[in-house]
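Q: I would like a close look at a single part of this protein. Please take it step by step.

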Amino acid sequence: GSTRSRLIAESMRLFGEQGYSGTSVSEIEAAAGLSGGSGSLYRHFASKKALLSEGIREQVAAGKGLLGLVRDAGTAEEAPLRESLAMIAVAGLRRLEQERDFNRVLIKDLSLFPELLEIARTEEIARIHTAITDCLQRHAAPARGGLDWVAPANVIIGAACVRGPRDGVPRMPHLDAEDTSG
């Protein structure tokens, strides 16, 4: 890839591992295959913060695939709710694992940069939440159509974030177990 792409990828990895403040420009340059301490990063980005901002924007843009899957699952009316939720959960858990560094940066460091946190919140988290809420609403029985589906969407997203994949393989025993609810 290009030098710019390597800088973004390596900075996000290092920010995820060491935190934003714990990562020096020299470390980013060296990890990207440049001479550490040479100032090469500044030929591509105005600052370390500008590099973080671009990394966040790229990660959010990469999330469009998950958003599309959630929307597809929500509009597949012939698919049972259980199947739609399983598709959403598996895709979400895989994304959490693939985007581990982004998630660490989001949790650890974005409070230092409220404008970047807002981008992640509105462009990624809120859109996925809305799509899950819409999916639940579309699958609801007509008698339950007027219910507030925001809280169940919160639970689904929260459960996926807390549970997370084990050994790189998403596990959802509550969805795999035999349904005894009738």
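Which residues of helix H5 are buried?

A: First, the ground rules. This is a predicted model, where local features need pLDDT of at least 70 and side-chain atom pairs count only at pLDDT 80 or more, while totals for chains, interfaces and linings use all residues. Residues are numbered from 1 along each chain as its sequence is written, and side-chain values use heavy atoms, with hydrogens and water left out.

Now H5. The buried residues of H5 are Ser84, Leu85, Ile88, Ala89, Ala91, Gly92, Leu93 and Arg95. Buried means under 20% relative accessible area, with a 1.4 Å probe and protein chains only. A helix is a DSSP run of H or I, at least four residues, numbered from the N terminus. H5 covers residues 81–98. Its 18 residues should span 26 Å at 1.5 Å a residue, and its end C-alpha atoms are 26 Å apart, which agrees. That expected span is 1.5 Å times one less than the number of residues.

Next, the cores. A nonpolar core is a set of buried Ala, Val, Leu, Ile, Met, Phe, Trp, Tyr and Cys residues joined through side-chain atoms within 4.5 Å. The largest has 23 residues, and Leu52, Ile56 and Leu110 have the most contacts inside it. Helix H1 gives the most to this core, with five residues. A second, separate core has 14 residues, including Ile88, one of the buried residues of H5. Leu67, Val70 and Leu136 also belong to that second core.

Last, confidence. pLDDT is the predictor's confidence in each residue, from 0 to 100. The chain's mean is 78, and 80% of its residues reach 70 or more.

Key
Buried < 20%, exposed > 50% of the residue type's maximum accessible area, 1.4 Å probe, protein only. Helix = DSSP H or I, 4+ residues; strand = E, 2+ residues; numbered from the N terminus.
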